[in-house]
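User: Hi, I have just opened this one and would like a walk through it. Could you start with the terms I need?

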Amino acid sequence: DRTLLPYEKRAELATNSIAKELFNIMATKKTNLCLSVDLTTTTSILDLLEKVGEHVCLVKTHIDIIEDFSADFITRLKSLAKRFNFLILEDRKYADIGNTVSLQYLKGLYKVAEWADCVTVHSLPGEGILKALNNSTNGVSQGVFLLAEMSSEGNLITPDYTEETVKMALKYPNLMCGFVCQNKSTFKEPGLIQLTPGVQLESTKDGLGQVYNTPEKVMLEKGADVVVVGRGIVAAKSPESQALVYKDVLWKNYLKRVSG
Ligand code: 5IU
């Protein structure tokens, strides 16, 4: 059972360098909280990260929702990541043929490959998408979280699709950070990371199909390693104190889990 091993042990088993680094950051900072900064201005994102950077291991971006994107934003984001020791995940959910994804990753306004430590990717188009990303590294370490399951109700992912997704991922151990998924049984490899979104302290749903589980449930029953929280923190009265609440409850349940 991979979920009973402490993160520092799992770091030793990771085959991707970003996964290894993320496991080590979690162990060092004692946090497995990933903040999803779904905000649309650069200042609101940077101000928020100044306040909560110390509480998170990973920051998840949707770079294409930002209204005033600039290269300077990336410089500032990277400097916060260095100062607070967190990694950056661009939640781009690539889903096209390999050649197009390679262009989307390397080119355009955002040049994701130049700053994101890791990205999210759909398995839907087939293995070519992973081959493309594998060949687009320019020697820089990078990682992929493959979508094996989604949190939204009525999503079209079947158990068979999930299983085939895991098989596909296992062919690219150097590239693979882990899976975006909802269940412990989805994969076994202790060197891979389960990234789980759809988490709030109380609300069970939003009005658009998002389904929430509690921190306790995702940690103790559902096998989450890194837990993604967006509006639970971002929309709180005090995001700073709420980030601390999430960090503490997640870590408490992690300790419970690894102490058997
Ligand atoms: N996200 C999900 N569910 C998924 C996947 C990604 O919610 O299955 I894959 C993203 C969407 C959003 C964040 O950026 O995670 C969750 O935000 P809230 O905590 O505000 O619902």
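Analyst: Two strands pair if DSSP finds at least two bridges between them. Helices (H or I, at least four residues) and strands (E, at least two) are DSSP runs, numbered from the N terminus. With that in hand, strand 6 (residues 176–180) and strand 7 (residues 193–196) run parallel and are joined by three bridges, and Phe-179 stands opposite Gln-194 in strand 7.

User: Okay, and what kind of model is this?

Analyst: This is a predicted model, in which local features need pLDDT of at least 70 and side-chain atom pairs count only at pLDDT 80 or more, while totals for chains, interfaces and linings use all residues. Residues are numbered from 1 along each chain as its sequence is written.

User: How many helices and strands are there, and in what order do the strands close into a barrel?

Analyst: The protein has 10 helices and eight strands. The eight strands close into a barrel in the order 1-2-3-4-5-6-7-8, with parallel pairing, and the twist from one strand to the next averages 25 degrees (axes are lines fitted to C-alpha atoms, for helices over the stretch in contact, and angles run from 0 to 180 degrees between N-to-C directions).

User: Where does helix 10 lie?

Analyst: Helix 10 (residues 239–258) lies across strand 1 (33–36) and strand 8, and runs at about 145 degrees to strand 1; contact here means that the C-beta atoms of two residues, placed from the backbone, lie within 7 Å.

User: Switching topic, which residues come nearest the ligand?

Analyst: Of the 16 residues around the ligand, the nearest are Met-150, Ser-151, Pro-197, Gly-230 and Arg-231, where a residue counts as near if its C-beta atom, placed from the backbone, lies within 6 Å. Strand 8 (226–229) and helix 9 (231–234) are the elements that give two or more residues to this shell.

User: One last thing, is Lys-30 buried, exposed or partly exposed, and why?

Analyst: Lys-30 counts as partly exposed because it has 15 C-beta neighbours inside 10 Å; a residue is buried with 20 or more other C-beta atoms within 10 Å of its own, exposed with 12 or fewer, and partly exposed in between, with C-beta atoms placed from the backbone. Lys-30 is found in the loop between helix 2 (17–29) and strand 1, and has a positive phi of about 55 degrees although it is not a glycine.
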